[in-house]
Amino acid sequence: MSEQTRWYQNAVFYEMYIRAFCDSSGDGNGDFRGAISKLDHVKSLGVDCIWILPMYPSPLKDDGYDVADYYDIHPDYGSLDDFKAFLDAAHQRGLRVVIDLVMNHTSDQHPWFQAARKDRNSPYRDYYVWSDTGTEYADTRIIFLDVEESNWTYDPEAGQYFWHRFYSSQPDLNYDNPAVHEEMLKAVRFWMDMGIDGFRADAVPYLYEREGTNCENLPETHGFLKKVRRLMDEQYPDAVVIAEANQWPEDLLPYFGDGDEFHVCFHFPIMPRLYQALKAGDKTPIIEILARTPEIPAGAQWMTFLRNHDELTLEMVAPEVREWMWQEYAPGPRQKQNLGIRRRLTPLLDNDKRKYRLMNGMFLSLPGTPIVYYGDEIGMGDNVWLPDRHGCRTPMHWTSAKNGGFSTADKTYFPAHTDAVYGYQHVNVAAQEGDADSYLSLTRRLLSARRAQPALQNGELAWVDTGSKALLAYTRTAGQEQVLVLINLSDQPQALNVSLSEEMIDLLSDGDQSFAAASLEPYAIHWLKSAG
(Lines give C-alpha, C1' and ligand atoms only; values in the text may rest on other atoms or scores of the structure.)
Protein backbone atom coordinates (compact mmCIF):
# COMPACT_ATOMS: atom_id res chain seq x y z
CA MET A 1 0.00 0.00 0.00
CA SER A 2 1.46 3.36 -0.97
CA GLU A 3 2.08 6.05 1.62
CA GLN A 4 -0.53 8.17 -0.12
CA THR A 5 -3.28 5.56 0.33
CA ARG A 6 -5.64 6.55 3.14
CA TRP A 7 -8.00 4.23 5.01
CA TYR A 8 -11.15 5.48 3.25
CA GLN A 9 -9.71 4.76 -0.22
CA ASN A 10 -9.77 1.00 0.40
CA ALA A 11 -12.70 0.79 2.82
CA VAL A 12 -16.21 -0.59 2.41
CA PHE A 13 -18.95 1.48 4.07
CA TYR A 14 -22.22 0.24 5.58
CA GLU A 15 -25.13 2.68 5.58
CA MET A 16 -27.12 2.33 8.80
CA TYR A 17 -30.49 3.93 9.53
CA ILE A 18 -30.73 3.88 13.33
CA ARG A 19 -34.54 4.08 13.38
CA ALA A 20 -34.69 0.94 11.24
CA PHE A 21 -31.96 -1.17 12.78
CA CYS A 22 -32.89 -2.52 16.22
CA ASP A 23 -35.22 -1.32 18.98
CA SER A 24 -33.87 -1.92 22.50
CA SER A 25 -36.58 0.00 24.36
CA GLY A 26 -39.71 -1.54 22.88
CA ASP A 27 -41.15 1.76 21.64
CA GLY A 28 -41.18 0.71 17.97
CA ASN A 29 -38.18 2.83 16.97
CA GLY A 30 -34.64 1.67 16.49
CA ASP A 31 -32.07 3.24 18.80
CA PHE A 32 -28.36 3.33 19.46
CA ARG A 33 -28.51 0.74 22.25
CA GLY A 34 -30.23 -1.63 19.86
CA ALA A 35 -27.67 -0.92 17.17
CA ILE A 36 -24.86 -1.77 19.60
CA SER A 37 -26.34 -5.26 19.97
CA LYS A 38 -26.09 -5.77 16.20
CA LEU A 39 -22.56 -4.49 15.59
CA ASP A 40 -21.19 -8.04 15.44
CA HIS A 41 -23.42 -8.64 12.42
CA VAL A 42 -22.08 -5.52 10.73
CA LYS A 43 -18.51 -6.55 11.48
CA SER A 44 -19.16 -10.05 10.12
CA LEU A 45 -20.01 -8.65 6.70
CA GLY A 46 -16.45 -7.47 6.14
CA VAL A 47 -17.12 -3.73 6.11
CA ASP A 48 -14.83 -1.09 7.59
CA CYS A 49 -16.93 1.98 8.35
CA ILE A 50 -20.53 2.71 9.31
CA TRP A 51 -22.28 5.76 7.90
CA ILE A 52 -25.11 6.88 10.20
CA LEU A 53 -28.08 8.72 8.71
CA PRO A 54 -29.10 11.90 10.59
CA MET A 55 -29.68 11.19 14.26
CA TYR A 56 -30.28 14.78 15.42
CA PRO A 57 -33.45 16.11 17.09
CA SER A 58 -35.89 16.72 14.24
CA PRO A 59 -39.61 16.85 13.43
CA LEU A 60 -38.74 14.13 10.90
CA LYS A 61 -40.56 15.72 8.00
CA ASP A 62 -37.54 14.66 5.93
CA ASP A 63 -36.41 11.75 8.09
CA GLY A 64 -33.90 13.79 10.04
CA TYR A 65 -32.43 15.83 7.22
CA ASP A 66 -34.54 18.61 8.72
CA VAL A 67 -32.27 19.27 11.71
CA ALA A 68 -33.69 21.08 14.74
CA ASP A 69 -30.53 20.87 16.89
CA TYR A 70 -26.99 20.15 15.70
CA TYR A 71 -25.74 19.17 19.18
CA ASP A 72 -28.00 16.38 20.41
CA ILE A 73 -29.59 13.02 19.56
CA HIS A 74 -33.22 12.49 18.59
CA PRO A 75 -34.93 11.17 21.75
CA ASP A 76 -36.31 8.17 19.85
CA TYR A 77 -32.73 7.07 19.23
CA GLY A 78 -31.44 7.61 22.77
CA SER A 79 -29.06 10.14 24.30
CA LEU A 80 -25.61 11.55 23.66
CA ASP A 81 -24.32 8.96 26.14
CA ASP A 82 -25.96 6.21 24.07
CA PHE A 83 -24.35 7.57 20.93
CA LYS A 84 -20.95 7.66 22.62
CA ALA A 85 -21.43 4.07 23.78
CA PHE A 86 -22.27 3.08 20.20
CA LEU A 87 -19.16 4.88 18.95
CA ASP A 88 -16.96 3.13 21.49
CA ALA A 89 -18.49 -0.27 20.71
CA ALA A 90 -17.93 0.22 16.99
CA HIS A 91 -14.33 1.29 17.52
CA GLN A 92 -13.71 -1.73 19.74
CA ARG A 93 -14.65 -3.89 16.76
CA GLY A 94 -12.39 -2.00 14.39
CA LEU A 95 -15.32 -0.21 12.74
CA ARG A 96 -15.10 3.50 12.04
CA VAL A 97 -18.17 5.75 12.16
CA VAL A 98 -19.09 8.76 10.03
CA ILE A 99 -22.25 10.79 10.45
CA ASP A 100 -24.34 13.03 8.23
CA LEU A 101 -23.73 16.76 8.48
CA VAL A 102 -26.62 18.71 6.97
CA MET A 103 -24.93 21.97 5.98
CA ASN A 104 -27.37 23.50 3.53
CA HIS A 105 -30.50 23.93 5.62
CA THR A 106 -32.20 23.40 8.96
CA SER A 107 -35.71 22.46 9.99
CA ASP A 108 -38.19 25.32 10.21
CA GLN A 109 -38.50 24.15 13.84
CA HIS A 110 -34.87 24.97 14.58
CA PRO A 111 -34.61 27.71 17.25
CA TRP A 112 -32.58 29.80 14.79
CA PHE A 113 -35.43 29.91 12.30
CA GLN A 114 -38.09 30.40 14.95
CA ALA A 115 -36.19 33.44 16.25
CA ALA A 116 -35.56 34.68 12.71
CA ARG A 117 -39.20 34.64 11.63
CA LYS A 118 -40.43 36.38 14.78
CA ASP A 119 -38.16 39.42 14.63
CA ARG A 120 -36.53 41.16 11.65
CA ASN A 121 -33.96 42.61 14.04
CA SER A 122 -32.96 39.27 15.52
CA PRO A 123 -29.35 38.29 14.76
CA TYR A 124 -30.78 34.99 13.53
CA ARG A 125 -32.78 36.72 10.79
CA ASP A 126 -29.59 36.84 8.74
CA TYR A 127 -29.00 33.10 9.26
CA TYR A 128 -31.51 32.52 6.44
CA VAL A 129 -32.22 33.90 2.96
CA TRP A 130 -35.22 36.24 2.68
CA SER A 131 -37.05 38.13 -0.06
CA ASP A 132 -39.93 40.59 -0.27
CA THR A 133 -41.00 39.28 -3.67
CA GLY A 134 -39.85 35.66 -3.98
CA THR A 135 -38.70 36.33 -7.54
CA GLU A 136 -34.91 36.20 -7.15
CA TYR A 137 -32.70 33.40 -8.51
CA ALA A 138 -35.21 32.45 -11.19
CA ASP A 139 -32.65 30.33 -13.05
CA THR A 140 -32.51 27.81 -10.20
CA ARG A 141 -34.13 24.42 -10.72
CA ILE A 142 -36.63 22.95 -8.25
CA ILE A 143 -35.27 19.67 -6.87
CA PHE A 144 -38.48 18.16 -5.44
CA LEU A 145 -40.59 18.82 -8.51
CA ASP A 146 -43.32 16.43 -7.41
CA VAL A 147 -43.94 18.40 -4.18
CA GLU A 148 -42.65 21.96 -4.41
CA GLU A 149 -43.74 24.62 -6.90
CA SER A 150 -41.06 27.15 -5.99
CA ASN A 151 -37.80 27.53 -4.10
CA TRP A 152 -39.43 30.42 -2.24
CA THR A 153 -42.14 30.06 0.43
CA TYR A 154 -44.00 32.95 2.05
CA ASP A 155 -43.95 33.00 5.84
CA PRO A 156 -46.83 35.12 7.22
CA GLU A 157 -45.16 35.53 10.60
CA ALA A 158 -41.94 36.82 9.03
CA GLY A 159 -43.76 38.86 6.40
CA GLN A 160 -41.28 37.70 3.78
CA TYR A 161 -40.43 34.77 1.55
CA PHE A 162 -37.65 32.38 2.60
CA TRP A 163 -35.40 30.39 0.27
CA HIS A 164 -35.24 26.56 0.26
CA ARG A 165 -33.73 24.12 -2.20
CA PHE A 166 -35.58 21.15 -0.76
CA TYR A 167 -38.86 20.97 1.17
CA SER A 168 -40.49 24.18 2.34
CA SER A 169 -40.03 22.91 5.90
CA GLN A 170 -36.25 23.16 5.33
CA PRO A 171 -35.16 26.81 5.02
CA ASP A 172 -31.68 27.25 3.54
CA LEU A 173 -28.95 28.76 5.67
CA ASN A 174 -27.35 32.02 4.54
CA TYR A 175 -23.65 31.40 3.97
CA ASP A 176 -23.08 35.05 3.16
CA ASN A 177 -23.29 35.48 6.92
CA PRO A 178 -19.93 34.65 8.61
CA ALA A 179 -21.84 33.67 11.76
CA VAL A 180 -23.30 30.71 9.85
CA HIS A 181 -19.77 29.59 8.98
CA GLU A 182 -18.83 29.66 12.64
CA GLU A 183 -21.97 27.75 13.66
CA MET A 184 -21.23 24.96 11.18
CA LEU A 185 -17.55 24.73 12.13
CA LYS A 186 -18.58 24.62 15.78
CA ALA A 187 -20.86 21.65 15.03
CA VAL A 188 -18.03 19.92 13.18
CA ARG A 189 -15.71 20.30 16.18
CA PHE A 190 -18.41 19.10 18.60
CA TRP A 191 -18.88 15.74 16.89
CA MET A 192 -15.25 15.27 15.92
CA ASP A 193 -14.22 15.85 19.55
CA MET A 194 -16.66 13.12 20.55
CA GLY A 195 -14.58 10.72 18.48
CA ILE A 196 -16.32 10.19 15.15
CA ASP A 197 -14.21 9.43 12.09
CA GLY A 198 -15.66 12.02 9.72
CA PHE A 199 -18.71 13.39 7.96
CA ARG A 200 -20.83 12.85 4.92
CA ALA A 201 -21.73 16.42 4.01
CA ASP A 202 -25.26 16.53 2.65
CA ALA A 203 -26.35 18.59 -0.36
CA VAL A 204 -23.19 20.67 -0.64
CA PRO A 205 -23.61 22.24 -4.12
CA TYR A 206 -26.31 24.64 -2.95
CA LEU A 207 -24.78 26.64 -0.08
CA TYR A 208 -24.70 30.02 -1.86
CA GLU A 209 -27.10 31.94 -4.11
CA ARG A 210 -26.12 34.38 -6.84
CA GLU A 211 -28.41 36.15 -9.31
CA GLY A 212 -27.95 35.07 -12.92
CA THR A 213 -26.69 31.58 -11.98
CA ASN A 214 -28.35 28.25 -11.27
CA CYS A 215 -27.14 28.64 -7.66
CA GLU A 216 -25.12 25.43 -7.79
CA ASN A 217 -21.37 24.79 -7.55
CA LEU A 218 -20.58 28.47 -6.99
CA PRO A 219 -17.02 29.61 -6.19
CA GLU A 220 -18.15 30.89 -2.81
CA THR A 221 -19.43 27.41 -1.95
CA HIS A 222 -16.01 25.94 -2.63
CA GLY A 223 -14.44 28.68 -0.53
CA PHE A 224 -16.42 27.61 2.53
CA LEU A 225 -15.85 23.89 1.92
CA LYS A 226 -12.09 24.49 1.77
CA LYS A 227 -12.42 26.17 5.17
CA VAL A 228 -14.02 22.98 6.53
CA ARG A 229 -11.23 20.85 5.06
CA ARG A 230 -8.59 23.15 6.55
CA LEU A 231 -10.11 22.67 9.99
CA MET A 232 -10.15 18.89 9.51
CA ASP A 233 -6.56 18.71 8.27
CA GLU A 234 -5.28 20.83 11.14
CA GLN A 235 -7.25 19.29 14.00
CA TYR A 236 -8.47 15.86 12.82
CA PRO A 237 -5.99 14.67 10.18
CA ASP A 238 -7.13 11.01 10.07
CA ALA A 239 -10.79 11.87 9.48
CA VAL A 240 -12.69 11.86 6.20
CA VAL A 241 -15.08 14.40 4.70
CA ILE A 242 -17.40 13.02 2.01
CA ALA A 243 -19.37 15.14 -0.48
CA GLU A 244 -22.90 14.28 -1.47
CA ALA A 245 -23.28 16.21 -4.71
CA ASN A 246 -25.53 14.81 -7.42
CA GLN A 247 -23.54 16.22 -10.33
CA TRP A 248 -21.73 15.10 -13.49
CA PRO A 249 -18.21 13.75 -12.85
CA GLU A 250 -16.50 16.75 -14.42
CA ASP A 251 -18.60 19.08 -12.25
CA LEU A 252 -17.59 17.08 -9.19
CA LEU A 253 -13.88 17.52 -9.80
CA PRO A 254 -13.75 20.96 -8.13
CA TYR A 255 -15.14 19.39 -4.94
CA PHE A 256 -11.84 17.55 -4.56
CA GLY A 257 -10.03 20.86 -5.08
CA ASP A 258 -6.28 20.45 -5.21
CA GLY A 259 -6.54 17.88 -2.47
CA ASP A 260 -7.79 20.67 -0.21
CA GLU A 261 -11.57 20.18 -0.27
CA PHE A 262 -13.32 16.79 0.02
CA HIS A 263 -11.47 13.52 0.47
CA VAL A 264 -14.30 11.56 -1.17
CA CYS A 265 -17.15 12.44 -3.56
CA PHE A 266 -20.17 10.32 -4.42
CA HIS A 267 -20.12 9.18 -8.04
CA PHE A 268 -23.84 9.43 -8.74
CA PRO A 269 -23.84 8.99 -12.55
CA ILE A 270 -22.25 5.52 -12.54
CA MET A 271 -25.05 4.02 -10.45
CA PRO A 272 -28.03 4.18 -12.86
CA ARG A 273 -25.76 3.09 -15.71
CA LEU A 274 -25.02 -0.19 -13.96
CA TYR A 275 -28.75 -0.94 -13.98
CA GLN A 276 -29.09 0.34 -17.53
CA ALA A 277 -26.24 -1.90 -18.74
CA LEU A 278 -27.70 -4.95 -17.02
CA LYS A 279 -31.22 -4.50 -18.38
CA ALA A 280 -30.00 -3.67 -21.90
CA GLY A 281 -27.26 -6.31 -21.93
CA ASP A 282 -24.91 -3.57 -23.11
CA LYS A 283 -21.74 -2.37 -21.37
CA THR A 284 -21.57 0.93 -23.31
CA PRO A 285 -23.14 3.21 -20.65
CA ILE A 286 -20.57 2.07 -18.07
CA ILE A 287 -17.59 2.61 -20.33
CA GLU A 288 -18.86 6.00 -21.51
CA ILE A 289 -19.45 7.43 -18.03
CA LEU A 290 -16.09 6.23 -16.74
CA ALA A 291 -14.47 7.82 -19.80
CA ARG A 292 -16.07 11.09 -18.63
CA THR A 293 -14.71 10.59 -15.12
CA PRO A 294 -11.61 12.74 -14.61
CA GLU A 295 -8.44 11.91 -12.70
CA ILE A 296 -8.67 13.00 -9.08
CA PRO A 297 -5.96 14.18 -6.66
CA ALA A 298 -3.74 11.72 -4.82
CA GLY A 299 -5.37 10.72 -1.56
CA ALA A 300 -8.89 11.27 -2.93
CA GLN A 301 -11.51 8.68 -3.87
CA TRP A 302 -14.90 8.25 -5.50
CA MET A 303 -17.76 6.67 -3.54
CA THR A 304 -20.10 4.21 -5.23
CA PHE A 305 -23.35 2.50 -4.33
CA LEU A 306 -26.12 0.39 -5.79
CA ARG A 307 -28.89 1.61 -3.48
CA ASN A 308 -29.30 3.87 -0.51
CA HIS A 309 -31.98 5.59 1.58
CA ASP A 310 -33.10 7.86 -1.26
CA GLU A 311 -34.83 7.04 -4.51
CA LEU A 312 -32.69 5.46 -7.22
CA THR A 313 -32.08 8.79 -8.91
CA LEU A 314 -32.30 9.05 -12.70
CA GLU A 315 -31.42 12.72 -12.70
CA MET A 316 -28.05 12.02 -14.32
CA VAL A 317 -29.36 10.17 -17.41
CA ALA A 318 -30.87 11.45 -20.66
CA PRO A 319 -34.68 11.91 -20.63
CA GLU A 320 -35.22 9.05 -23.08
CA VAL A 321 -33.09 6.73 -20.95
CA ARG A 322 -35.03 7.80 -17.86
CA GLU A 323 -38.32 6.91 -19.54
CA TRP A 324 -36.92 3.55 -20.64
CA MET A 325 -35.63 2.75 -17.16
CA TRP A 326 -38.98 3.66 -15.63
CA GLN A 327 -40.64 1.23 -18.04
CA GLU A 328 -38.13 -1.50 -17.26
CA TYR A 329 -37.60 -1.06 -13.53
CA ALA A 330 -40.67 0.84 -12.30
CA PRO A 331 -43.68 -0.29 -14.33
CA GLY A 332 -46.06 0.43 -11.44
CA PRO A 333 -46.96 4.09 -10.81
CA ARG A 334 -46.11 3.81 -7.09
CA GLN A 335 -42.62 2.57 -7.94
CA LYS A 336 -41.63 5.96 -9.33
CA GLN A 337 -40.44 8.78 -7.09
CA ASN A 338 -39.62 12.27 -8.29
CA LEU A 339 -36.96 11.71 -11.02
CA GLY A 340 -36.19 8.22 -9.81
CA ILE A 341 -37.39 4.85 -8.53
CA ARG A 342 -38.33 3.98 -4.94
CA ARG A 343 -37.43 0.31 -4.89
CA ARG A 344 -34.79 -1.71 -3.08
CA LEU A 345 -31.96 -3.62 -4.71
CA THR A 346 -33.33 -7.16 -4.68
CA PRO A 347 -36.79 -6.32 -6.09
CA LEU A 348 -35.07 -4.28 -8.82
CA LEU A 349 -33.11 -7.41 -9.71
CA ASP A 350 -36.20 -9.66 -9.77
CA ASN A 351 -35.01 -11.48 -6.65
CA ASP A 352 -32.49 -13.23 -8.92
CA LYS A 353 -29.28 -14.19 -7.12
CA ARG A 354 -27.37 -14.27 -10.42
CA LYS A 355 -28.18 -10.59 -11.01
CA TYR A 356 -27.48 -9.75 -7.37
CA ARG A 357 -24.08 -11.43 -7.60
CA LEU A 358 -23.33 -9.70 -10.89
CA MET A 359 -24.31 -6.20 -9.76
CA ASN A 360 -22.51 -6.44 -6.44
CA GLY A 361 -19.48 -8.10 -8.00
CA MET A 362 -19.36 -5.39 -10.65
CA PHE A 363 -19.63 -2.36 -8.41
CA LEU A 364 -17.26 -3.88 -5.83
CA SER A 365 -14.60 -4.35 -8.52
CA LEU A 366 -14.96 -1.01 -10.32
CA PRO A 367 -13.08 2.03 -8.95
CA GLY A 368 -14.44 3.65 -5.81
CA THR A 369 -15.20 3.14 -2.15
CA PRO A 370 -18.42 1.08 -2.05
CA ILE A 371 -21.41 1.43 0.27
CA VAL A 372 -23.65 -1.47 1.30
CA TYR A 373 -27.15 -0.33 2.31
CA TYR A 374 -28.59 -1.96 5.43
CA GLY A 375 -30.91 -4.85 4.59
CA ASP A 376 -29.55 -5.34 1.09
CA GLU A 377 -27.17 -7.94 2.50
CA ILE A 378 -30.17 -10.22 3.12
CA GLY A 379 -32.16 -9.24 0.03
CA MET A 380 -34.85 -7.24 1.84
CA GLY A 381 -37.86 -6.02 -0.10
CA ASP A 382 -39.57 -2.63 -0.19
CA ASN A 383 -43.01 -1.19 0.43
CA VAL A 384 -43.90 1.27 -2.32
CA TRP A 385 -47.20 2.06 -0.61
CA LEU A 386 -45.47 3.99 2.13
CA PRO A 387 -45.14 7.74 1.49
CA ASP A 388 -42.11 9.52 0.07
CA ARG A 389 -38.96 7.35 0.18
CA HIS A 390 -39.91 5.46 3.31
CA GLY A 391 -40.58 2.21 1.48
CA CYS A 392 -36.83 1.54 1.47
CA ARG A 393 -36.40 2.56 5.13
CA THR A 394 -38.41 -0.16 6.87
CA PRO A 395 -37.30 -2.26 9.87
CA MET A 396 -34.35 -4.62 9.50
CA HIS A 397 -35.26 -8.32 9.60
CA TRP A 398 -33.20 -10.21 12.20
CA THR A 399 -35.31 -13.29 12.92
CA SER A 400 -38.70 -14.80 12.14
CA ALA A 401 -40.04 -13.50 15.47
CA LYS A 402 -42.55 -10.65 15.81
CA ASN A 403 -41.57 -7.61 13.69
CA GLY A 404 -38.65 -9.61 12.30
CA GLY A 405 -36.93 -9.44 15.69
CA PHE A 406 -36.55 -5.69 15.23
CA SER A 407 -38.85 -4.71 18.10
CA THR A 408 -41.20 -6.19 20.70
CA ALA A 409 -43.63 -3.29 20.20
CA ASP A 410 -47.14 -3.90 18.94
CA LYS A 411 -46.63 -1.10 16.43
CA THR A 412 -43.34 -0.09 14.86
CA TYR A 413 -42.54 3.25 13.16
CA PHE A 414 -43.28 1.51 9.85
CA PRO A 415 -44.32 -2.12 9.56
CA ALA A 416 -41.85 -4.88 8.76
CA HIS A 417 -42.53 -6.73 5.51
CA THR A 418 -44.97 -9.64 5.73
CA ASP A 419 -45.56 -10.41 2.04
CA ALA A 420 -45.06 -13.88 0.57
CA VAL A 421 -41.75 -13.07 -1.15
CA TYR A 422 -39.97 -10.63 1.17
CA GLY A 423 -41.73 -11.18 4.51
CA TYR A 424 -39.58 -11.27 7.62
CA GLN A 425 -40.84 -14.77 8.38
CA HIS A 426 -38.42 -16.12 5.77
CA VAL A 427 -36.16 -13.20 4.76
CA ASN A 428 -34.08 -12.53 7.87
CA VAL A 429 -30.51 -12.72 9.14
CA ALA A 430 -31.01 -15.83 11.30
CA ALA A 431 -32.51 -17.83 8.44
CA GLN A 432 -29.61 -16.97 6.15
CA GLU A 433 -26.74 -17.47 8.60
CA GLY A 434 -26.42 -21.18 7.94
CA ASP A 435 -27.34 -21.11 4.26
CA ALA A 436 -24.32 -21.08 1.96
CA ASP A 437 -26.52 -19.99 -0.95
CA SER A 438 -28.19 -17.08 0.86
CA TYR A 439 -27.86 -13.42 0.00
CA LEU A 440 -26.02 -12.94 3.31
CA SER A 441 -23.43 -15.60 2.54
CA LEU A 442 -23.01 -14.25 -0.99
CA THR A 443 -22.45 -10.71 0.31
CA ARG A 444 -19.84 -11.90 2.79
CA ARG A 445 -18.00 -13.91 0.13
CA LEU A 446 -17.87 -10.95 -2.23
CA LEU A 447 -16.60 -8.57 0.46
CA SER A 448 -14.07 -11.10 1.72
CA ALA A 449 -12.70 -11.66 -1.79
CA ARG A 450 -12.44 -7.91 -2.38
CA ARG A 451 -10.66 -7.36 0.93
CA ALA A 452 -8.02 -9.94 -0.03
CA GLN A 453 -7.15 -8.14 -3.29
CA PRO A 454 -5.50 -4.71 -3.07
CA ALA A 455 -5.90 -4.43 -6.86
CA LEU A 456 -9.70 -4.41 -6.46
CA GLN A 457 -9.56 -1.74 -3.79
CA ASN A 458 -7.37 0.89 -5.38
CA GLY A 459 -5.81 -0.56 -8.54
CA GLU A 460 -5.65 1.01 -11.98
CA LEU A 461 -8.56 0.20 -14.31
CA ALA A 462 -8.01 -0.92 -17.91
CA TRP A 463 -10.69 -2.17 -20.30
CA VAL A 464 -10.21 -5.48 -22.11
CA ASP A 465 -11.69 -5.85 -25.59
CA THR A 466 -14.21 -8.70 -25.84
CA GLY A 467 -15.79 -8.10 -29.24
CA SER A 468 -19.22 -8.16 -27.60
CA LYS A 469 -21.31 -5.37 -26.13
CA ALA A 470 -22.76 -7.84 -23.61
CA LEU A 471 -19.39 -9.05 -22.35
CA LEU A 472 -17.65 -6.55 -20.07
CA ALA A 473 -14.03 -7.21 -19.17
CA TYR A 474 -11.46 -5.12 -17.33
CA THR A 475 -8.35 -5.45 -15.24
CA ARG A 476 -7.52 -3.82 -11.93
CA THR A 477 -3.80 -3.61 -11.31
CA ALA A 478 -1.82 -2.59 -8.21
CA GLY A 479 1.92 -3.20 -8.42
CA GLN A 480 2.49 -6.84 -9.33
CA GLU A 481 -1.09 -7.79 -8.45
CA GLN A 482 -3.75 -7.93 -11.18
CA VAL A 483 -7.36 -9.15 -11.25
CA LEU A 484 -9.25 -9.73 -14.49
CA VAL A 485 -13.01 -9.22 -14.20
CA LEU A 486 -15.32 -10.92 -16.71
CA ILE A 487 -19.06 -10.12 -16.75
CA ASN A 488 -21.89 -11.35 -18.97
CA LEU A 489 -24.55 -8.65 -18.83
CA SER A 490 -27.03 -10.63 -20.92
CA ASP A 491 -29.51 -13.44 -20.35
CA GLN A 492 -27.78 -15.58 -23.01
CA PRO A 493 -24.44 -17.45 -22.90
CA GLN A 494 -21.60 -15.45 -24.40
CA ALA A 495 -18.53 -16.88 -26.12
CA LEU A 496 -15.38 -15.78 -24.33
CA ASN A 497 -13.14 -14.03 -26.84
CA VAL A 498 -10.57 -13.02 -24.25
CA SER A 499 -7.18 -14.69 -24.40
CA LEU A 500 -6.05 -16.17 -21.11
CA SER A 501 -2.32 -16.77 -21.49
CA GLU A 502 -1.91 -18.63 -18.21
CA GLU A 503 -3.88 -20.66 -15.72
CA MET A 504 -6.34 -18.50 -13.83
CA ILE A 505 -8.19 -19.09 -10.59
CA ASP A 506 -11.67 -17.71 -9.94
CA LEU A 507 -11.72 -15.74 -6.72
CA LEU A 508 -15.51 -15.95 -6.58
CA SER A 509 -15.66 -19.75 -6.78
CA ASP A 510 -15.64 -22.04 -3.77
CA GLY A 511 -12.03 -22.79 -2.96
CA ASP A 512 -10.63 -20.51 -5.70
CA GLN A 513 -11.12 -23.08 -8.45
CA SER A 514 -9.32 -22.95 -11.79
CA PHE A 515 -11.18 -21.14 -14.56
CA ALA A 516 -11.33 -22.86 -17.91
CA ALA A 517 -14.65 -21.79 -19.46
CA ALA A 518 -14.97 -21.14 -23.19
CA SER A 519 -18.14 -19.12 -22.62
CA LEU A 520 -19.86 -17.24 -19.85
CA GLU A 521 -23.25 -18.29 -18.51
CA PRO A 522 -26.07 -15.72 -18.41
CA TYR A 523 -25.40 -13.02 -15.79
CA ALA A 524 -22.07 -14.62 -14.86
CA ILE A 525 -19.26 -12.73 -13.18
CA HIS A 526 -15.72 -13.94 -12.51
CA TRP A 527 -12.81 -12.34 -10.70
CA LEU A 528 -9.73 -14.05 -12.14
CA LYS A 529 -6.18 -14.05 -10.92
CA SER A 530 -3.07 -15.82 -12.15
CA ALA A 531 -2.57 -19.20 -10.50
CA GLY A 532 1.19 -18.63 -10.59
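A residue is called buried when its relative accessible area is under 20%, exposed when that value is over 50%, and partly exposed in between, as computed with a 1.4 Å probe on protein chains only. The model is a predicted one, in which local features need pLDDT of at least 70 and side-chain atom pairs count only at pLDDT 80 or more, whereas totals for chains, interfaces and linings use all residues. Residues are numbered from 1 along each chain as its sequence is written, and side-chain values use heavy atoms, with hydrogens and water left out.

With a disulfide defined as a pair of cysteine sulfur atoms within 2.5 Å, the model contains zero disulfides. For Cys49, the closest cysteine sulfur is that of Cys265, and at 16 Å it is too far for a bond. Cys49 is buried, having a relative accessible area of 0%, and Cys392 is likewise buried, at 1%.

Helices (H or I, at least four residues) and strands (E, at least two) are taken as DSSP runs and numbered from the N terminus. In helix H12, which spans residues 319–329, the buried positions are Val321, Arg322, Met325, Trp326 and Tyr329. Viewed down the axis of H12, these buried residues fall within an arc of 140° and therefore line one face of the helix, the arc being that of the directions from the helix axis to the C-beta atoms. Pro319, Glu320 and Gln327, on the other side of H12, are exposed. Where contact means heavy atoms within 4.5 Å, the cover over the buried residues of H12 includes helix H10 (270–280), strand E12 (336–337), strand E13 (340–341) and helix H13 (345–348).

Grid points are joined across faces, edges and corners, and a volume is the space filled by probe spheres set on the points. For the linings, Ala, Val, Leu, Ile, Met, Phe, Trp, Tyr, Cys and Pro count as nonpolar, Asp, Glu, Lys and Arg as charged, and the others, Gly among them, as polar.

The largest pocket holds about 950 Å³ of space and is lined by 37 residues, with Gln301, Asn458, Gly459, Glu460 and Arg476 lying nearest its centre. Among the elements that each supply at least two residues of this lining are H10, helix H11 (284–291), strand E10 (301–305) and strand E16 (471–478), while E15 gives the most, with four residues. By class, the lining of the largest pocket comprises 20 nonpolar, 14 polar and three charged residues. The second largest pocket, of about 490 Å³, has a lining of 29 residues, of which Ile143, Phe144, Phe166, Glu244 and Asp310 lie nearest its centre. That lining divides into 12 nonpolar, seven polar and 10 charged residues.

Two cavities of 30 Å³ or more are found in the whole structure. The largest cavity contains about 70 Å³ of space, and its lining includes Leu306, Arg307, Tyr356, Phe363, Asp376 and Glu377. Helix H14 (353–365) and strand E14 (369–373) each contribute at least two residues to the lining of the largest cavity, in which seven residues are nonpolar, two polar and three charged. The second largest cavity, of about 40 Å³, is lined by Phe144, Asp146, Val147, Tyr167, Glu311, Gln337, Asn338, Asp388 and Arg389, which divide into three nonpolar, two polar and four charged residues.

Thr153, in strand E5 (residues 152–155), is partly exposed at 21% relative accessibility. Apart from its neighbours within four places in sequence, Thr153 is in contact with Gln160, Tyr161, Phe162, His164 and Ser168. The C-alpha atom of Thr153 is separated by 56 Å from that of Pro493, a residue 340 residues apart from Thr153 along the chain.

Note on methods:
1 Å grid on protein atoms, 1.4 Å probe; cavity = no way out; pocket = protein on both sides within 12 Å on 5 of 7 lines; lining within 4 Å.
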